[in-house]
Amino acid sequence: MTDFYKEDGVSTSISETPPTHYTIKIQSLSLLKKNNIEKCTSPYFEAGGYKWKLVFHPNGNKSKNKAGKHVSVYLMMADATSLAPAGWEVHVGFRLFLLDHNNDNYLVLQDTSTGKGRRFHAMKVEWGFDRFMSQEAFNNPENGYVVDDTCVLGAEVYVRQEKFRGRQDCLSMVKDPISYKHTWKIDKFSALTADCVDSKTFMVAEHKWKIQVYPKGKGSGTGNHLSLYLSLAEPTSLSQGSQIYADFTMRILDQVNAQNYLGKANYWFSGSQTVCGWPRFISLGYFSLPGAGFLVRDTCVIEAEVTVHGATTNNIML
């Protein structure tokens with residue numbers, strides 16, 4: 001019995017009995033290599049109240065730069081949503097088995113680097129051995145691990161501790177954000193009586209937005225300014241604690257001289273912070289000036305250009 005895992009924190013032993021929780025027979029091993037199948041994932045099995053899978057890399061795990069010289073074997077949590085509520089983690093002791101057909105026993109590898117076992121959680125659902133065994137030892141007929149192009153793997157899984165880790169947040173930035181423009185034409189502007197008038201909703205980065213205008217001003221702009229805001233149209237659709245980072249430009253279009261009046265801002269929008277803008281966007285005197293071009297035949301045109309750069313979400317299960 002040579003050329004298996006010899007690193008510190010890993011114990012190897014021989015078991016005369018099959019694994020308690022799961023075994024899988026993998027046939028036609030040579031076809032995996034021939035068809036460039038880098039890994040095999042087993043159906044799920046249950047142990048300790050959770051669902052698990054075995055992951056087998058017959059030619060080594062390329063993502064860990066272990067391809068070519070070893071086989072890699074891992075235990076993976078099959079359904080990370082079982083770590084509910086989000087923020088739970090599970091400490092697990094596990095043993096991975098490989099059948100020796102010649103001697104009718106099992107080579108067993110166990111991670112002993114920590115007494116509490118390995119910690120599985122939403123962002124780390126897989127643990128195991130990058131170098132479970134060398135390719136040479138695995139494929140050597142004298143060792144009995146591969147017989148008739150078939151090997152048998154197994155697992156024992158023991159949950160040692162469960163605990164809540166608290167809130168988890170994930171920040172995701174958009175690599176190549178796309179700007180979206182929404183143009184809103186308001187006729188009979190002088191006849192508006194509502195304190196606040198909303199545009200139709202429009203979509204940017206899978207979220208609904210709207211423009212809000214206060215014809216007679218709001219807050220510090222009441223009575224002498226037009227107030228203008230960008231708002232999330234459906235903030236209740238966001239999960240608690242989630243945020244959206246956007247930069248935006250709001251314009252009142254000059255319909256005569258093409259000298260648009262604009263303001264720029266960026267903001268973290270959330271379920272509790274749904275609106276950003278200017279209570280004193282433009283004075284009512286300048287807005288109504290006949291030669292300014294902002295109000296022509298009692299019509300004004302407002303434009304919002306919005307770019308979503310990223311979002312944070314909490315309680316994400318990966």
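This is a predicted model: local features need pLDDT of at least 70, side-chain atom pairs count only at pLDDT 80 or more; totals for chains, interfaces and linings use all residues.
Q: How many disulfides does the structure hold?
A: Here the test is whether two cysteine sulfur atoms lie within 2.5 Å. The structure holds zero disulfides.

Q: What share of the residues in the chain is buried?
A: Of the 318 residues in the chain, 44% are buried. As for the surface, the chain exposes about 16,600 Å², with carbon and sulfur atoms supplying 48% of that area.

Q: Which residues touch the most other members of the largest nonpolar core?
A: A nonpolar core joins buried residues through side-chain atoms within 4.5 Å. The largest one here has 36 residues, and Trp52, Leu75 and Phe138 touch the most other members. Strand E7 (residues 88-100) gives this core its largest share, five residues. Apart from this core lies another, of 32 residues, including Val197 and Phe294.

Q: Which residues is Phe138 in contact with, leaving aside neighbours within four places in sequence?
A: Among them are Leu29, Phe56, Val71 and Leu98, as well as Tyr145 and Cys151.

Q: What does the secondary structure of the chain come to?
A: You will find three helices and 21 strands. Among contacts with a separation of 6 or more, 68% join residues 24 or more positions apart.

Terms used: Residues are numbered from 1 along each chain as its sequence is written. Side-chain values use heavy atoms; hydrogens and water are left out. Helices (H or I, at least four residues) and strands (E, at least two) are DSSP runs, numbered from the N terminus. Buried means under 20% relative accessible area, exposed over 50%, partly exposed in between (1.4 Å probe, protein chains only). Contact means heavy atoms within 4.5 Å. Accessible areas come from the Shrake-Rupley method with a 1.4 Å probe; for residues, only the protein chains shown count as cover.
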